[in-house]
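Subject: Structure handover

Hi,

Here is the structure we talked about. My notes on it follow below.

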Amino acid sequence: MTSTLSLPSHLKSLPKQWDVCRLKFSLRERDLRSESGDEELFSLSKTRGLLPRSEITEKEARAESLQGYKRFLSGDIVMNKMQAWNGVFGWSGIRSGIVSPDYTVLTPDESVHGPYLTYLFQTGTYCTEFLLRSRGMGDAFLRLNTSELGEVFAPVPLLEEQIAIAAYLDAETKRIDELIREKTDLLRTLDLLFNSVITDAVTRGLNSDVRRSSEPEHSLFDFPAHWIRCGLIKKIESIVDYRGKTPEKTESGVFLVTARNIADGWIDYAKSAEFIAEGAYEEVMLRGKPEIGDVLFTTEAPLGKVASVDRTDIALAQRIIKFRGDSQYLENDFLKYWLMSEYMQDQLKTWSSGSTADGIKASRLRRLQILIPPLHEQSLIVKFIDKKLAEVRELRLHVENDLVLLSEYRSSTITDAVLGRIDVRKANSH
């Protein structure tokens with residue numbers, strides 16, 4: 001038994017019958033190489049472990065020849081040594097195959113159970129330990145060498161208890177992962193609902209009984225006959241395109257709204273915090289200062305994100321256009337929701353261009369179309385959308401909070417089990 005005084009703090013309160021040893025005494029590196037490269041190619045996924053490459057991605061580039069790739073055998077543990085600090089390990093089970101030469105293949109001895117160690121290595125405690133022991137220049141090039149891994153202390157219960165812990169975690173993480181999938185699917189459904197609420201209201205209106213008009217050569221839907229269909233910019237009072245020279249950034253000053261801050265109809269000031277000097281504000285905003293209610297629109301990277309201006313003490317970066325509707329015809333809030341609608345987003349895809357990222361040229365804005373109800377009807381539509389989206393956002397917030405709690409519970413369950421804080425024999429009996 002290793003002296004308690006020399007152990008890390010997380011190993012000082014293990015069950016009395018558990019042993020502790022350095023990993024070099026229970027793991028050895030296997031360095032078999034493929035002579036033909038014909039074996040099945042596997043990759044590691046942080047959430048799913050060791051999987052055939054085809055199940056992770058079919059598009060990712062791969063070498064023409066897989067000769068010299070590392071072979072793993074039944075019962076091995078595979079480590080992505082550049083992502084060990086992120087818990088990217090996988091157990092092979094009864095399978096064999098080949099993996100990237102950048103991976104490390106480890107063979108457990110008869111005293112340790114591969115799945116138990118794999119769970120242990122995914123805990124926050126061991127990820128931190130691996131990060132401290134990784135070597136390289138910059139986070140992107142850190143590698144955990146086998147010699148450093150071997151110096152790490154690990155808890156070693158009796159083999160049958162390791163097997164019981166892994167079996168318990170297999171079942172419990174499967175249950176938690178299913179709940180996470182359900183919550184994630186619900187988020188996707190809420191996102192679809194978010195989009196459909198906007199699109200249906202701004203293209204079809206709130207009254208299904210009104211006479212409807214359609215223009216098959218221009219439109220994929222019927223819309224209220226008393227609405228106007230026209231070019232978007234014809235009913236815009238002011239268009240300010242901020243594309244051009246990037247303003248010089250400072251550590252403080254006037255908040256600079258960039259494309260990263262714009263999404264879902266509002267400015268998210270937490271997404272990115274950049275500033276320009278107060279003395280540079282007038283020059284940067286020479287083309288036009290923002291007013292409350294103006295509509296911001298991103299022209300590329302990403303294209304078509306929209307937000308309302310909610311404060312005037314901001315500067316606007318390049319890749320943003322500011323719209324202000326003609327108050328005789330168009331409310332700014334209705335304009336905002338129109339720009340967010342699927343119909344408008346489809347138009348943007350039609351008229352966008354770019355080799356690396358979609359963008360829209362100022363000259364093509366005149367090709368974009370809008371449907372305009374009477375002003376009083378626009379107000380009713382905006383109020384309806386505001387109410388519905390508030391309900392969707394509240395539901396989405398609850399689901400996102402549930403996902404955070406489930407992720408934390410998954411992590412704590414693994415940690416508690418592999419460090420002996422849960423009696424898995426009792427848990428497995430229920």
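Is the crossing of α2 and α5 left-handed or right-handed? The crossing is left-handed (the near helix is turned anticlockwise from the far one by less than a right angle). Helices here are DSSP runs of H or I with at least four residues, and strands are E runs of at least two, numbered from the N terminus.

This is a predicted model: local features need pLDDT of at least 70, side-chain atom pairs count only at pLDDT 80 or more, and totals for chains, interfaces and linings use all residues. Residues are numbered from 1 along each chain as its sequence is written, and side-chain values use heavy atoms, without hydrogens and water.

**Helix packing**

α2 and α5 pack at about 60 degrees, axes 8 Å apart (lines fitted to C-alpha atoms over the stretch in contact; angles run from 0 to 180 degrees between N-to-C directions). On the α2 side, Pro115, Tyr116 and Tyr119 make the contact (heavy atoms within 4.5 Å). Their partners in α5 include Ile165, Leu169 and Asp170.

**Largest pocket**

A pocket is an open set of points on a 1 Å grid over the protein atoms alone, where a 1.4 Å probe fits, with protein on both sides within 12 Å along at least five of seven lines; lining residues have an atom within 4 Å of a point. The volume, the space filled by probe spheres set on the points, is about 1,100 Å³ for the largest pocket. Its lining has 35 residues, with Thr47, Arg48, Gln122, Asp177 and Arg410 closest to the centre. α5 gives the most, nine residues.
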